[in-house]
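Subject: Structure handover

Hello,

I am passing on the structure below, with notes on what was found in it. Please read the notes with the structure open.

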Amino acid sequence: MNYPFYIVDVFAVAKYTGNQLAVFPQADQISDQQMQEFAKEINFSETTFITTSSPTENEYDVRIFTPNQELPFAGHPTLGTAYIIREYLMSKQEKENQAEITLNLKVGKIPVRLETTEQGEEVLWMQQNQPEFGQSISPETIATVLGISEKDINPNFPIQEVSTGIYFLIVPINRLEVLKQIKVNLEQYYQLIFSLKAKSILVFCPETYSPENDLCVRVFADYLAIPEDPATGSANGCLAAYLFNNNVFPIQGNRLEVKVEQGYEINRPSLLFLQASEDKIKVGGQVKTIAQGNFI
């Protein structure tokens, strides 16, 4: 039996940038074991499976797998899967009538909306769950994990767990040069996450590669068999909530908007748009189709 799939780049600034994703659009007959095997064979950070054969009210059931396990939520798989649904599964009339679709994930319903910028570019936006804030840890502890000095960590903001669907540890540092030099000490990392809800780490700084962007980010997720992720929508949703909650940037009209770059250190430059307010956390980006094929 053939199992069709697509490959897309999510949060891409052009083709062959951003975060790679494989999407299986006809997965209602694929077993749990096969889904895990397919994800392991493709070996991207995530692979998604659309298990709805006949969607109702523009809702689609979707499952997300890393090479090692199933996830309740992840950001770039959500946007990439929504893009495939719009581009290849919906009729022209459906696309004209419906700017928003909903993905039913393990974590719940995640709406995704298509918007067009003033420059005519299509951006997909997902609304994430309301944030939950976990425990904070000391600069000394995280500095050891990241292989940096305590003085490189911004003392004005906390090192804190945040979740908008899955927990990440958010770490503020001061300089891009330090961000580039981070090397995770795996022994210290696993000791740290043993007692945390967050199993992955997002580090951000206000210096950027591109002057038009606001923050530069790196995400480390060895626990999920992802040493470094090139673009992480779930983590950046947590970052948006963190920035808003801690007044890291001036808030205009009760809403925070920032542009985040990620993936430069692993040669997969990515661009994510973040919005945060009291009642909404949204992450947006562009998606590019790269390939399509069949598992046989």
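Which residues line the second largest pocket? They are Tyr83, Arg86, Glu87, Lys95, Leu114, Glu122, Val123, Leu124, Gly285, Gln286, Val287 and Lys288.

Some background before the rest. This is a predicted model, in which local features need pLDDT of at least 70 and side-chain atom pairs count only at pLDDT 80 or more, while totals for chains, interfaces and linings use all residues. Residues are numbered from 1 along each chain as its sequence is written, and side-chain values use heavy atoms, with hydrogens and water left out.

Domains

The domain assignment (bounds come from an automatic or database assignment) gives domain 1 (3-127 + 285-295) and domain 2 (132-282). Taken over C-alpha atoms, the centres of domain 1 and domain 2 are separated by 24 Å. Their contact (heavy atoms within 4.5 Å) takes 26 residues from domain 1 and 22 residues from domain 2.

Pockets

A pocket is an open set of points on a 1 Å grid over the protein atoms alone, with protein on both sides within 12 Å along at least five of seven lines; a cavity is a set where a 1.4 Å probe fits but cannot get out, and lining residues have an atom within 4 Å of a point. Points are joined across faces, edges and corners, and a volume is the space filled by probe spheres set on them.

The second largest pocket has a volume of about 200 Å³. Helix α2 (75-89) and strands β8 and β18 (287-295) each supply at least two residues of its lining; helices (H or I, at least four residues) and strands (E, at least two) are DSSP runs, numbered from the N terminus. This lining divides into 5 nonpolar, 2 polar and 5 charged residues (Ala, Val, Leu, Ile, Met, Phe, Trp, Tyr, Cys and Pro count as nonpolar, Asp, Glu, Lys and Arg as charged, and the others, Gly among them, as polar).

The largest pocket holds about 230 Å³ of space. Its lining residues include Glu115, Trp125, Lys259 and Phe273. At least two lining residues come from each of β7 (108-116), β8 (122-128), β15 (256-262) and β16 (270-276), and domain 1 and domain 2 each give at least three. By class, the lining of the largest pocket has 5 nonpolar, 3 polar and 3 charged residues.

Cavity

The whole structure has 1 cavity of 30 Å³ or more. The largest cavity contains about 130 Å³ of space. It is lined by 19 residues, of which Glu46, Phe168, Asp229, Thr232 and Ser234 are the closest to its centre. The largest share of the lining, 3 residues, is from α2. The lining has 11 nonpolar, 6 polar and 2 charged residues. Domain 1 and domain 2 both give residues to this lining, so the largest cavity lies between them.

Helix packing

Helix α4 (residues 139-146) packs on helix α6 (residues 186-193) at an angle of about 140°, with the axes 7 Å apart. Axes are lines fitted to C-alpha atoms, for helices over the stretch in contact, and angles run from 0 to 180 degrees between N-to-C directions. α4 and α6 are therefore oblique to each other (angles under 35 degrees count as roughly parallel, over 145 as roughly antiparallel, 65 to 115 as roughly perpendicular and the rest as oblique). Thr141, Ile142, Thr144 and Val145 of α4 meet Gln188, Tyr189 and Leu192 of α6 in this contact.

Regards
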